[in-house]
Amino acid sequence: MAAAAPALVLKHRRTTLERVEKFLSSCYFTDCNLWGRLYGDSYPVTSLSCFLTPEHMPYEKAIRQHFHPVKVGDTFGPTWWTCWFRVELTIPKSWLGHEVHFRWESDGEGLLWKNGEPVQGLTKSGKKTSYVLTEKLKEGDLWSLTLYVEAACSGLLGAGKGSMIDPPDSEKTFSVTRADLAVFHRDVYELIIDMEILLGMAKCLGEGNQRSFQALYTVNQMVNVCDPNDPGTFSAARTLASGLLHQRNGDSQHVIHAIGHCHIDSAWLWPYKETIRKCARSWSSVIQLMGKNPQFTFACSQAQQYAWVKRYYPSLYSQIKEYVHIGQFIPVGGTWVEMDGNLPSGESMVRQFLQGQNFFLQEFGKMCSEFWLPDTFGYSAQLPQIMRGCGIQRFLTQKLSWNLVNSFPHHTFFWKGIDGSRVLAHFPPGESYGMEGHVEEVLKTMNNNKDKGRVNHSAFLYGFGDGGGGPTQTMVDRLERMKDTDGLPRVYFSSPEQFFSLLERELRAVLYLGMGNCSWNFSMAPIPTQAQIKKENRDCEQILHDVEFLSCLALARSRTFQYPATELQRLWRLLLLNQFHDVLPGSCIQQVVDDALKYYREIRRNGAHLLNAAIRSLGGRRSSSRDLSFSHNLFVFNTLSWDRTEVVALPGVNEIENLVLVTVPSMGYTRAPPPGPPPRAVRVVQENDGSVTLDNGIIRAHLDSMGHLNSLVLISSDRETIPRGVFGNQFVMFDDVPLYWDAWDVMDYHLETRKPVTKLDQALEVGIPGGLRGSVHFSLQLSNRSILTQEIVLDAACPYLKFHTEVDWYESHKFLKVEFPAWAQTSNATYEIQFGHIQRPTHYNTSWDWARFEVWGHRWMDLSEHGFGMALLNNSKYGCSVRNNILSLSLLRAPKSPDATADMGHHHFTYAIMPHMGTLQDSGVIQAAYNLNFPLHVLPFEAAIYRPWSAFSVSSSAVVLETVKQAEAGPHPYTLVLRLYESHGSHVDLWLQSALPVQEAIICDLLERPDHRQHLTLEGSRVKLSFSPFQVVSLLLILRPPLL
């Protein structure tokens, strides 16, 4: 072999870099460069045939279908169908001793089946376009075989018509552009990886770095030495690379923990059913990698996805369990799905962990120790307490790197919740959960770390994600080359447990302590988008709450009643699935919305059946009867933990409703009273100018002919709530055109396009003229396509004014809000979150304040100065803001991507305005918002029970008894779980009283595991509890079995 010509002493950096790039390019000069020699001889498949089906068909059924011949280049479709291919192969005898690959390229995702087992995903955009048939063909190997490819008529990221997030093209077709056998040159591949790493070092270390030039000169010399047509030259080139790559780091070098990862959105730009196959495609590829790379580890979250694979791909699931036992396949997260971090209720968040952790314990023998939520739109300030209550003290996420205005100041820190609980949080500094193992990425991870000097470890999540795909062999090989190379951070193939354990040993208590919500800005994500999904979520949370409570009462009273644990688990899991972070927020395609609404209907339907079953066991009749008279016993049930006095409608003869004012004890029932006048009747007075005054002795509201609230007086103090010269219930429209992420982003400049709605469709008219209830109604024309109709209702004894709203909404890139100015001066507003509340500024003094122009809250927000305030309540909305003294509730949006029909159609929702003296805590705002969301149940009974009865009550208004359910695994079926939380932000001692036959009370965690360190003593039928601010406490109550 002739000696290589000496390298030039002086080199032009750009031309040298580009020379190496072209030598490795898959696009340029492939006739003479190294990439062009990656494969040698190729051979066509013997036979290619297929059949199309609109259903997702099991393998056993699919292979029995009629296949017809096709050829490479033929198209198949339409979108969301499946094309099964039968591929018959014959390997040429001349390839003996060679590595042989089956190559498949298609713009649709594929799953390769061999001998009846799923063995690998085949996804062009996921860089999995070949399958290794044999690493060295031997005489005894099979020369002929049949494979099947299950090809989805959709790509890795769906089937958008145009851009990725456009609505799917329902008529899109897909094609196979390659199906053949080829000889793979492993020596070429290894040389390419070496040169890739050196090229990356030369480019990314920078012109001022000595190692950059060493890498540049070395890789240039490798090009000089290497003749792509002469494999004999490869060894000398690799020796050059080895000399540089094997120069070691110093002891102080930053350590990167490489963890294989494959974020699979449970639904997003594809429906749920496609995610099931994405899991199989991705995880079968991962299993294959594990067999070849014992150092390779893979972290995988979402119990729901494991459950899908267990059901639909049992053999793959068996392999997963084997690698979980070995320690390479690592379940993480502890939740049923990677849920949205803002919108689920506190109880829903608990159930995410309860269902997830129990699944992982049952299937794999252990629970997760870290919460894994890389891709969500924000993080509730109650998550640290919920995590710790579920056995988790570590948190990993990434999405805050998307912030457009404020860069989050830390990558590793202790996050403190509103109750004082804290967890160790880490955001990978590489700002991605889908790295590919490039030099640029590992250097960014090291250099971007904002906690230098305190933290010398960073997580590095690699593998194609969002649409699945996962790690590739190339990624693993790149990282293997960089394990300990001078100039680069040290790379460990690690696990979340190893990573966080090292952090904990290194950190101790020196890190920043952050408290409160972690928010994603510049926008606040798709909080108002897909309003129907959000309403259904709120309603279904309420339905399951009530079913569980009433089923517990039935369980405690009847030996024959079977608590519907299995069905409730199924319904909860449907609800939890729909809380996935692209479903509940609304950033998904129409097919996903349709699936979600179908699941909500199932929860409603089956929840109603379960509710009726519990009521019948308690002594009730079927509540579906429409022809009822007062000769029957009608009872009113209250599922909340305080007494309630409200107006309810009783069913009467011929569907005529009768209004009554009823007081129902805490978590109990009372017999409905006969109709009669209230102590203080509602007065309704209409003036000559069309305006109307509603007065119930607590509040007095004056409305003009357009439904504007001109005045709202708290009668006890004669305090006006609405400032002079302005009015509340002002509907406003905004232009809503983001920069790109249509359903996701609300940009600050939308506030510059504010347009009050001024066109009246039907003037204010009196509906119910007074007595127990007074009401008025009107309608507005929002545009020439959209109409808003509203009934404003004031009930006797009610401290708030209700606005029942219906909207026929047919807009494009518009945003509808309603505004209420308050006559109060304060710099902070208060918003309900899970199990508590937080304060946010009402001004834009800093960029952090300005970026929160649109925020999230749950059932209420409040603006209070000392001694007086106003709360805005709602039954299904989550987007809100308070700027200066104006409370704004976000009602509807109209994005067109990824769902062109998002929010189009009919909507109905309710909000309410509540003025109050004193603090929001002392004035009952929290209870009022619950009351608005949990209506009283009017149910027919035949049993001879007449006295009011309360199952549970608490002696302090600061504590909410949120949940009553059967224990997941108590000592016997008559073990209940009670979950309470302190809602005021105070320390409080109280008594929990129960009318049920309680034998024993035990403190437990959120996973219902007893905590015997804390002893509770029953004093008759009550137990004393202590709470710190916003603390969540769970109890196990063991009941005596009922006698009958």
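Biologist: With which residue does R103 form a salt bridge?

Modeller: This is a predicted model, in which local features need pLDDT of at least 70, side-chain atom pairs count only at pLDDT 80 or more, and totals for chains, interfaces and linings use all residues. Residues are numbered from 1 along each chain as its sequence is written, and side-chain values use heavy atoms, with hydrogens and water left out. A salt bridge requires a side-chain nitrogen of Lys or Arg within 4 Å of a carboxyl oxygen of Asp or Glu. The closest N and O atoms of the pair are 3.0 Å apart, and the partner of R103 is D180.

Biologist: How many residues apart are R103 and D180?

Modeller: The pair links distant parts of the chain, with R103 in strand 6 (residues 99-106) and D180 in strand 11 (residues 174-184). Strands here are DSSP runs of E, at least two residues long, and helices are runs of H or I of at least four, both numbered from the N terminus. The separation of R103 and D180 is 77 residues.

Biologist: How many salt bridges does a search of the whole structure find?

Modeller: Side chains of opposite charge can pair when their charged atoms come close. The search of the whole structure gives a total of 54.

Biologist: Which UniProt annotation covers residues 529-600?

Modeller: The span is 72% helix and 0% strand, and its end C-alpha atoms lie 17 Å apart. UniProt annotations may be inferred rather than shown by experiment, and their feature names are shortened. The unreviewed entry records this span as "domain: Glycoside hydrolase family 38 central".

Biologist: Are helix 3 and helix 5 parallel or oblique to each other?

Modeller: Helix 3 (residues 186-204) and helix 5 (residues 234-245) pack at an angle of about 40 degrees. Angles under 35 degrees count as roughly parallel, over 145 as roughly antiparallel, 65 to 115 as roughly perpendicular and the rest as oblique. Helix 3 and helix 5 are therefore oblique.

Conventions:
Axes fitted to C-alpha atoms, helices over the stretch in contact; angles between N-to-C directions.
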